[in-house]
Amino acid sequence: MRNYNFIILILVFTMFFNSCNTEKQKVNDSDFPRLEDPFFAQKPPGLIPEIFAPRIVSTAHSELTTAFSPDVKEIYFRKYDEGLENEVLVAIQYKDNLWAETFEVPRGEHISPDGKIMYIGNEYRERTPSGWSEVKPLGAPFDSIPIMRLTTSSKNTYYFDDVSLFNDKPPIVNIHYSRLIDGIYEKPKILNIDTGTTLKFHPFIAEDESYLIFDSKTENGNANIYISFRQKDGSWGAAINLGAQINTELSEVHGSVTPDGKYFFFRRTLSNGEKNRMWVDAGFIEALRPK
């Protein structure tokens, strides 16, 4: 009987040991998110756009922009969720080999190239040791401008849309820019880019200001995404449609490139109103650059 009990004890111990090993293997499994693979362990897309992070970022709750910290270890996206009166900015942070939702704040839009400022229209937040500060106004000359999206380059130049004439007949939305000169932002100037339309929204400026991405309304009321490249003389080239893989008969808006330059993100609205965050290899941008 003693031998029988001893054998049972050995079997139980062996099962426990194997169980521990199995659990350890799960943690180290290649499908688990890793630091060097910061996109929820998704297989990177090719030149055909795919839905980004289904059921995590791309859900049924109308996600809007997607912003990344410079090290691509924090993802910020806006969403409407059940039980919330207004949209919130959700932060998902990669730490200790895990993705985790870290906080929610009322608003957010674009993170500066140095990761220190989060812009929200004509307001901003500063990164602090304990998180993001309260919202502060950008001040003059931006305080009276209704801005939907403002992005900034490594030179601290602002590029933004001004929707103050959106309700006019015909409606007009132009992209403006403002340079930081001797510590003061100059009066905003209109960026002259030929698109064949008076509606230009949601600009995204490359960190080195070599190109600008934005979207524009089409005749059927939907939107397409365009790119303009800065010329050698400093002017901006004519708008180039991003092509049929990105622009469809649906509506595509809010284009941006990850800080590492690898992926292009945008939002596609389906015919049923569902909005998906899409991503695609950003290599197509150089292919579009005029030779």
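This is a short tour of the structure above, stop by stop, for use in a viewer.

**Before you start.** The model is predicted, so local features need pLDDT of at least 70 and side-chain atom pairs count only at pLDDT 80 or more, while totals for chains, interfaces and linings use all residues. Residues are numbered from 1 along each chain as its sequence is written, and side-chain values use heavy atoms, with hydrogens and water left out.

**Stop 1: colour by confidence.** pLDDT is the predictor's confidence in each residue, from 0 to 100. Its mean over the protein is 79, and 74% of the residues reach 70 or more. Helices (H or I, at least four residues) and strands (E, at least two) are DSSP runs, numbered from the N terminus. Now select helix H1, residues 2-27: confidence is lowest here, at a mean of 33, whereas strand E14 (residues 180-181) has the highest, at 96. Where pLDDT is low, the predicted coordinates should not be read in detail.

**Stop 2: an open sheet.** Show E11, E12, E13 and E16, which form an open antiparallel sheet in the order E11-E12-E13-E16. Strands E11 (150-152) and E16 (189-190) are its edges, each pairing on one side only. Two strands pair if DSSP finds at least two bridges between them; E13 (residues 172-178) and E16 are joined by 2. Pick Tyr177 and you will find Lys189 of E16 opposite.

**Stop 3: a salt-bridge network.** Stay with Lys189, which is linked with Arg179 and Glu186 in a network of salt bridges. A salt bridge is a side-chain nitrogen of Lys or Arg within 4 Å of a carboxyl oxygen of Asp or Glu, and the structure holds 7. Between Arg179 and Glu186, the closest N and O atoms are 2.8 Å apart. Arg179 is partly exposed at 37% relative accessible area, and Glu186 is buried at 13% (buried means under 20%, exposed over 50%, partly exposed in between; 1.4 Å probe, protein chains only).

Stop 4: Select Glu74 and Arg127, whose salt bridge has its closest N and O atoms 3.1 Å apart. Glu74 lies in E3 (residues 74-79) and Arg127 in E8 (residues 123-128), so the pair ties together parts 53 residues apart in sequence. Glu74 is buried at 13%; Arg127 is partly exposed at 35%.

**Stop 5: loop to loop.** Finish with Arg230 and Glu209, a salt bridge at 3.2 Å, N to O. Arg230 sits in the loop between E19 (223-229) and E20 (240-241), and Glu209 in the loop between E17 (201-205) and E18 (211-217). Glu209 is buried at 5%.
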